[in-house]
Amino acid sequence: MDYVMRSVRAEEWPLARQLRLDALQDPAAPVAFLDSYEAAVARPDAFWQDRTAAAAEGGDVRQFVAESPEGEWVGTVTVLIERPEDDVRFGLPAEVNQGHLVGVFVRPEVRGAGVTDALFRVAVDWAWSLSAPRLERVRLYVHENNPRAAAFYRRFGFVPSGQRMPGPGPGSGAGDRREWELEYVIERG
């Protein structure tokens, strides 16, 4: 595979913005992301600059991209560091220091070519490499109606934790069926 997996750089915010917008137009976006294309496209450049800089400089967020030999960004995953004392961004509160994978997207034309595996490997390896804080597990959430993603996560080594939380969208009215986000984890081995 000739793709390069690497961290984003702050000055690459236009590429990060475009990849996110492309992801939000994917047919799986309604069950894969907690964002909409309409909301994302309306955000000012400063939002994307700040977001990309934060994910590039380290700290508690790191965004990785898959870059083709021609320099095209074909995939991404972001790792959020979560500690028990942190405010909850999404999901259940952290019981241990952990990584949380979010924003997973791989362009349809490279799916099945090993790009997703390589992105996940670099993201999980980075999470395990941290010493302060030392992470005990890595988690992610997958919508119950996203079986393709769930199958990949299981194949990669994530297992359902048994925890779930209500997904966004329909299901809040009387008689509505609640949809669920299911937590998958890899424990430090």
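Author: The protein chain exposes about 9,500 Å², of which carbon and sulfur atoms supply 51%; accessible areas come from the Shrake-Rupley method with a 1.4 Å probe, and for residues only the protein chains shown count as cover. The model is predicted, so local features need pLDDT of at least 70 and side-chain atom pairs pLDDT 80 or more, while totals for chains, interfaces and linings use all residues. Residues are numbered from 1 along each chain as its sequence is written, and side-chain values use heavy atoms, with hydrogens and water left out.

Asparagine 146 is buried because its relative accessibility is 9%. Asparagine 146 sits in the loop that joins strand S5 (137–143) to helix H6 (147–156). Helices (H or I, at least four residues) and strands (E, at least two) are DSSP runs, numbered from the N terminus. Beyond its neighbours within four places in sequence, asparagine 146 is in contact with Val31 and Ala32, contact being heavy atoms within 4.5 Å.

For the chain, among contacts between residues at least 6 apart in sequence, 64% join residues at least 24 apart. The chain has six helices and seven strands, in the order β-α-α-α-α-β-β-β-α-β-α-β-β. Its radius of gyration is 16 Å, close to the 16 Å from the globule rule for 189 residues, so the chain is as compact as a globular protein of that length. That radius is taken over C-alpha atoms, and the rule is 2.2 Å times the number of residues to the power 0.38.

Terms used
Buried means under 20% relative accessible area, exposed over 50%, partly exposed in between (1.4 Å probe, protein chains only).
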